[in-house]
Amino acid sequence: MMHKKDIMSSETMLYMPVYDSFGNLCTRVMEKSKDYISKIPPTKLMDYNLRYYGSSLRGAFDGSKMILGKLNKNPIVVDERGNILWFPSKSPLHPECIWFAVHHIDEYISVDKKSTKIIFTNGQEIIVDVSVKTIEYRIQRAFLLKYRLERRTKHLLVQYDRVKVFQRFALDMLEDET
């Protein structure tokens with residue numbers, strides 16, 4: 001069951017798998033100003049949040065796949081208007097999958113061939129068992145998704161603005177008739 005505290009915001013930086021004392025997969029949620037443990041596993045928590053905001057993990061992956069092509073670990077758009085994109089460290093089906101909010105990653109530094117230190121915009125750091133090349137590739141894919149999505153939806157915004165102009169014009173005409 002999802003609690004109000006489990007609802008993602010623009011402050012949410014990371015979903016990391018952790019196990020409770022009973023061996024249940026939970027999520028360490030890192031936000032800019034606090035950390036807490038959710039009883040929901042990371043990928044389920046991501047799906048619940050996407051559903052809360054009117055999408056789903058399946059829908060987000062399908063959309064990403066349509067734009068970027070078939071990849072196993074595509075980034076996803078959580079909120080297009082807020083430029084909130086996330087990417088998984090591994091297959092989301094893997095229990096050790098960590099989810100990263102791209103806009104909170106400030107820097108990433110190689111620790112060794114298979115580990116990377118991620119530094120977030122608030123100064124917090126974590127070391128993950130993913131190579132720096134993989135992290136860099138996933139971040140690049142997220143920005144490519146953002147760019148292509150903006151290009152595709154740009155004409156929708158223009159159409160929307162034209163509708164607003166037409167509505168104002170029609171209202172002005174009605175006012176002139178009265």
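Start with the open sheet of three strands: its order is β7-β8-β9, and the pairing is antiparallel. Keep in mind that this model is predicted.

**Stop 1: the sheet**

Select residues 105-112 for β7 and 125-128 for β9. These two strands stand at the edges. Each has a single partner strand, so one side of each is left without a neighbour in the sheet. Now look across the strands. From one strand to the next, the twist averages 20°.

**Stop 2: the largest pocket**

By type, the lining of the largest pocket has five nonpolar, four polar and four charged residues.

**Stop 3: the second largest pocket**

Next, select S55, A60, V77, E80 and L149. They are the closest to the centre of the second largest pocket, out of 16 residues that line it. About 240 Å³ of space lies here.

Keep α2 coloured. The largest share of this lining, five residues, comes from α2. Elements that each supply at least two residues are α2, β4 and α3. Count the types too: nine residues are nonpolar, six are polar and one is charged.

**Stop 4: the cavity**

How many cavities of 30 Å³ or more does the structure hold? It holds one. The space in the largest cavity is about 40 Å³.

To find the cavity, select V77, D79, E80, N83, L85, K146, L149 and E150, which line it. Among them, V77, E80 and L149 were on your list at the previous stop.

Now colour β4 (76-79) and α3 (132-177). Each supplies at least two residues of the cavity lining. Which gives the most to this lining? It is α3, with three residues.

Finish by colouring the cavity lining by type. Three residues are nonpolar, one is polar and four are charged.

Methods
Residues numbered from 1 in each chain as written. Predicted model: local features only at pLDDT ≥ 70, side-chain atom pairs only at ≥ 80, totals over all residues. Heavy atoms only, no water. 1 Å grid on protein atoms, 1.4 Å probe; cavity = no way out; pocket = protein on both sides within 12 Å on 5 of 7 lines; lining within 4 Å. Points joined across faces, edges and corners; volume = space filled by probe spheres on them. Helix = DSSP H or I, 4+ residues; strand = E, 2+ residues; numbered from the N terminus. Nonpolar A, V, L, I, M, F, W, Y, C, P; charged D, E, K, R; others polar. Pairing = 2+ DSSP bridges. Axes fitted to C-alpha atoms, helices over the stretch in contact; angles between N-to-C directions.
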